[in-house]
Amino acid sequence: MDNHELADKFDAIADLLEIKGEEIYRIRAYRRASEGLRSHAVDAQDLQERGELEEIPGVGKAIAEKIDEILRTGDLDFYERLTAEVPPTLLELLDVENVGPKKAARFWNELGVVTLEDLEEAAREGRIREMDGFGAKSEGKILEAIDAYKKHDHTRILISEAKGLAVEFVRRIRALDGVVEVEVAGSLRRLKETIGDLDIVVAATNPQKVIDSVLAFPEIKKIRAQGDVKVSVLLSNELPLQLWVHPPDRFGSALQYATGSQMHNVRLRELAQKGGLSLSEHGFMREDETEINCAEEMDVYAALGLPWIPPQLREDRGEITAALADELPELVSSDDIRGELHAHSDWSDGKVSIEEMCSAALERGLSYLAITDHSRSLNIAGGLSIEDLKKQREEINRVQRRMGDKLKIFQGAEVEILREGGLDYPDSVLAELDIVIASLHMGLRQPREEVTARILGAIENPYVDMIGHLTGRLIGRRDPADLDIEPIFRAAADRGVILEINSNPERLDLKDIHVRRALELGCLTAINTDAHHPDHLDFRPFGIGTARRGWVEGRSVVNTWKFKEVEKWLKRKSRS
DNA sequence: GCCGTTTTCGGCCCGACTGTTTTCAGTCG
């Protein structure tokens with residue numbers, strides 16, 4: 001059972017306890033433990049073996065014992081007893097909009113509702129409107145919400161798609177009368193790998209007018225809630241959009257609030273409390289009821305004695321403690337990137353010639369580019385034979401002469417890690433290449449031991465410089481390979497093998513928490529685009545975002561180095 | 001149930017919005 005499955009279990013426990021009417025702080029403790037598990041890159045299994053389960057933030061003695069029991073026996077007695085009291089099917093009801101634990105408990109106790117179907121039936125039969133505090137309107141809303149829940153699949157969208165939508169909204173809102181500032185907030189601003197809703201914050205002199213104008217946008221399908229400072233709608237593509245409109249002197253507070261994360265904000269409010277302040281989306285309230293308004297987001301942090309915290313760090317993963325100690329990382333940024341170390345040409349499955357890729361790299365201000373086409377076994381991608389590689393070297397030499405010193409080209413390959421282990425070219429061929437990326441595309445579903453051993457074997461090969469998109473996941477489409485991450489990172493650190501942070505928004509592989517763990521263990525990374533087309537070079541901001549979420553500073557990213565340094569590093573390596 | 005530059009016990013974030021209410025509970029982020 002992995003950390004995510006454990007987290008799901010504790011979330012279920014929290015929900016069941018809440019339906020049961022348990023004390024709220026105990027419930028929150030389970031939720032925090034769940035968050036801690038999701039944010040922790042080291043498997044609970046590993047921590048259990050070392051007796052270090054309480055290292056996970058939010059996990060104390062009692063929850064550590066529960067994790068231990070689940071890992072040892074596969075079951076949890078506490079959970080079994082809990083579900084004997086509260087039917088676990090009630091958890092389905094919580095997925096219905098505006099149905100929470102209190103209502104679920106009442107439907108259960110007063111109407112005998114246990115499943116979603118029961119609830120729908122009760123609503124259709126008009127039994128909900130009979131309950132105290134309910135009416136025909138709330139009954140209708142429940143039916144509508146059940147219908148909506150059944151109809152669409154609630155999958156989060158890719159960050160690239162969300163960004164496109166948000167940019168367009170921001171452009172149109174900015175053009176509205178009285179609008180002073182517009183910013184994207186929420187998980188998109190934090191550059192999370194997937195996005196569940198769009199959050200946009202507006203500073204305007206006439207908030208109500210702005211809200212009215214936005215509500216008239218044609219792609220708004222449904223208004224979910226509408227007030228003086230906030231509106232929540234559903235777009236025609238089923239994505240929720242939330243809009244906050246505040247006067248300019250409160251814009252900083254509103255932006256900070258809407259950016260989140262939820263847990264980061266909770267921590268900030270706790271900190272404010274200790275300083276005798278109360279923090280909300282409007283600003284700070286002092287104990288004497290006077291206010292501190294924040295026009296800039298930085299003012300919010302400053303009032304708490306903190307430096308501004310970059311949005312990508314705001315996940316309650318230790319950033320506030322680091323800020324208090326003035327130990328925030330100097331995060332890598334797009335400006336730091338000097339080259340691309342993973343790109344394809346039409347020699348394999350890339351869409352354009354080597355020369356066109358080079359021109360595109362140059363246009364984007366890069367000073368070096370590695371052409372790393374697929375190796376011979378990847379037939380579907382037109383992998384190169386050993387003979388092809390030699391011809392490609394000649395072509396690269398020709399293009400290099402034309403490019404002069406403006407752009408330096410490495411000849412590399414993205415070499416298959418074969419199903420049975422080993423690499424797709426013999427060492428004698430690998431030795432001739434400037435850079436070797438080893439990647440998995442086949443046999444991703446092998447058992448953990450086998451697939452982990454293949455990666456470890458690649459890392460041990462003296463000619464391998466980098467592991468590409470380690471887990472092979474495609475977000476929302478293909479699960480990551482079942483890898484034992486910890487020994488892989490230790491071996492990569494030991495052998496000086498670079499771990500790629502793949503910027504393709506479908507991959508983002510390594511993911512944020514793995515990036516952070518890799519760094520802790522002393523690994524080098526490279527933020528690559530894996531471009532198969534010139535346009536793909538523009539994926540990089542997503543990889544940068546993932547790196548920043550992994551607390552990456554510039555120096556540990558190899559493609560922030562100058563060409564000479566990278567060249568020297570790669571040569572040193574292939575002789576080791 | 002967790003946790004500690006005021007605490008090993010006593011705290012634990014905050015407000016907008018809705019539907020049902022004559023003052024508020026529940027949900028959401």
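The area buried between domain 2 and domain 4 comes to about 840 Å², with carbon and sulfur atoms giving 67% of it. This is a predicted model, where local features need pLDDT of at least 70, side-chain atom pairs count only at pLDDT 80 or more, and totals for chains, interfaces and linings use all residues. Residues are numbered from 1 along each chain as its sequence is written, and side-chain values use heavy atoms, leaving out hydrogens and water.

User: What does buried area mean, and which three residues supply 54% of what domain 2 buries against domain 4?

Analyst: Buried area is the accessible area (1.4 Å probe) that two parts lose on being put together, summed over both. Here, Leu158, Leu191 and Glu193 supply that 54%, more than any other three residues.

User: Where do the domains sit in chain A?

Analyst: Domain bounds come from an automatic or database domain assignment. For chain A, that gives domain 1 (3-151), domain 2 (156-246), domain 3 (262-326) and domain 4 (334-574). The contact (heavy atoms within 4.5 Å) takes 9 residues from domain 2 and 10 residues from domain 4.

User: How many salt bridges are counted between domain 2 and domain 4?

Analyst: A salt bridge is a side-chain nitrogen of Lys or Arg within 4 Å of a carboxyl oxygen of Asp or Glu. The count between these domains is 1. Arg473 and Glu193 meet through their side chains in a salt bridge, at 2.9 Å, N to O.

User: Which helix gives the most to the side of domain 2 that touches domain 4?

Analyst: Helices (H or I, at least four residues) are DSSP runs, numbered from the N terminus. Helix H9 (residues 159-174) gives the most to that side, with 3 residues.

How values were computed
Chains lettered and ligands numbered in written order. Helix = DSSP H or I, 4+ residues; strand = E, 2+ residues; numbered from the N terminus.
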